[in-house]
Amino acid sequence: MNSSNPNIILVNCDDLGYGDLGCYGSTVNRTPTLDRMAREGARFTDFYMASPVCSPSRGAMMTGCYPKRIGFGDFDGLVVLFPGQGMGLNADEITIAEILKEQGYATMLVGKWHCGDQSEFMPTRHGFDHYYGIPYSNDMGRQSGRENRFPPLPLLCGEEVIQEQPDQAALTERYVEQAVRFIRNNRETPFFLYFAHMYVHLPIYPPEAFLKTSENGRYGGAVEHIDWSMAVILNELQRSGLDENTLVVFTSDNGSRGSEGGSNGALRGRKGTTWEGGQRVPCLMRFPGRIPAGIVESGIVTAMDFLPTFAGLADANVPSDRAIDGEDIRALMYREGDPVSQPRTFFYYSGENLEAVRSGKWKLHIRKRNEEIRELYDLESDIGETNNLYDRHPEVVKQLTSKILACREDIGDKTVGAEGANCRPIGVVENPGPLTKYDPNHPYIIAMYDLEDAG
């Protein structure tokens, strides 16, 4: 281990859309800290999550692989994992946290995990020294309108439930406290902090102070609460003398629902779709002295790139015994060397179904759920996917179709019965059970969340 290895902080929001930050065009949400991050570092315009929904998106980010490659394309017919389900991230998978831990990094996850809630799948079994948070979505607790659907929402410390049905309006502040404590306790050693917000997933409970000043209702209050949390973390790095040696990355697990105040800007579609609005999300990176200030990067970058990139920062090797889909983007971040001559290719999956491919500026859609389509878009001139050029560029269609066929051989495509030659199994346990069980005599601080919003 090199003692000068940089600290890494990865901040991941939930359902935050492409148009929700000031630096991405929002006029209704105040995000001064995140806008400052963009001025002091890099703002990525074409950054993608590997799935338009949370469990596969997060599994892909942790492992550097497309969800279907790690068995995260389908969860017994469900699109994400649910409480008490006997599936999760396979013990044989290698995560960012495991790679960094091997290099002497202290590791912690604060917030949402959503890669399995059984003990075998917990963050502490996948490279994180410490875990504090809710293991899945914040609408998977006891909630008005769905009283008996889920058991009480668990807040975990390590693998132990320390509270049921916590006050969600107070939870982000508690998360920030845990993050600050972790940073202070590891000033003398490299650390990896993965801070996974519950915001802006429904139901949205911003603290009263943020709700009062919001110009965009609950949604805007939550976005501004996220911005506040970022201000605290950056301030802590400054006061601890760690600012110059810390890479901070900010992003979201998928696009906005496009309602309740959320926005995907000019992008077509929303969370759950393979239109741009489902998977193209904000991404900011700040690393003083390494990432030049004010970069606006339009190259294709994905969350799967974090694993090889962070491994490179820590002088670690990327696993060579398995397929990894991410690429080391340090040269892009640092503006070093010549641009890559070959256009980057990215595949859009909905569950186990391959629906689209992008190479360079071109995006070809072949399917939307159960319907075959033939649509080609030039994303450089048509970010909103409004002008179908399929019939005008048969040579581009032919080229992208060949990439689709190769991907089907490699990762698979359920719609045509292609298994994929290089896929690995999801983790499965027998006799799974929920982490909590409702007890009418338990002193819950909030026995039933009063908002009926879910999503």
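These legends describe close-up views of a predicted model.

**View 1. Glu-40 and its surroundings.**
Glu-40 belongs to helix 1, residues 32–40. Its relative accessibility is 29%, so Glu-40 counts as partly exposed. Beyond four places in sequence, Glu-40 contacts Arg-286, Ile-291, Ala-293 and Gly-294. With Arg-286 the link is side chain to side chain: a polar contact at 2.7 Å. Gly-262 lies 222 residues away from Glu-40 along the chain, and 25 Å separates their C-alpha atoms.

**View 2. Strand 10 and its two covered faces.**
Strand 10 spans residues 246–252, and seven of its seven residues are buried. In a regular strand, side chains alternate between the two faces of the sheet. Here one side carries Thr-246, Val-248, Phe-250 and Ser-252, and the other carries Leu-247, Val-249 and Thr-251. Both faces are covered.

**View 3. Strand 10 between its partners.**
Strand 1, residues 7–13, runs parallel to strand 10 and is joined to it by seven bridges. Strand 11, residues 283–286, runs antiparallel to strand 10, with four bridges between them. Val-248 is the bridge partner of Ile-9. In strand 11, Val-248 has Arg-286 as its bridge partner. Arg-286 also makes the side-chain polar contact with Glu-40.

**View 4. Thr-302 in strand 13.**
Thr-302 sits in strand 13, residues 301–302. Thr-302 counts as buried because its relative accessibility is 2%, under the 20% cut-off. Its side chain reaches the backbone nitrogen of Met-304 at 3.0 Å. Leaving out neighbours within four places in sequence, Thr-302 is in contact with Phe-47, Tyr-48, Arg-344 and Phe-346.

Conventions
Residues numbered from 1 in each chain as written. Predicted model: local features only at pLDDT ≥ 70, side-chain atom pairs only at ≥ 80, totals over all residues. Heavy atoms only, no water. Buried < 20%, exposed > 50% of the residue type's maximum accessible area, 1.4 Å probe, protein only. Contact = heavy atoms within 4.5 Å. Polar contact = N/O pair within 3.5 Å; in protein donor to acceptor, adjacent residues only side chain to side chain. Pairing = 2+ DSSP bridges.
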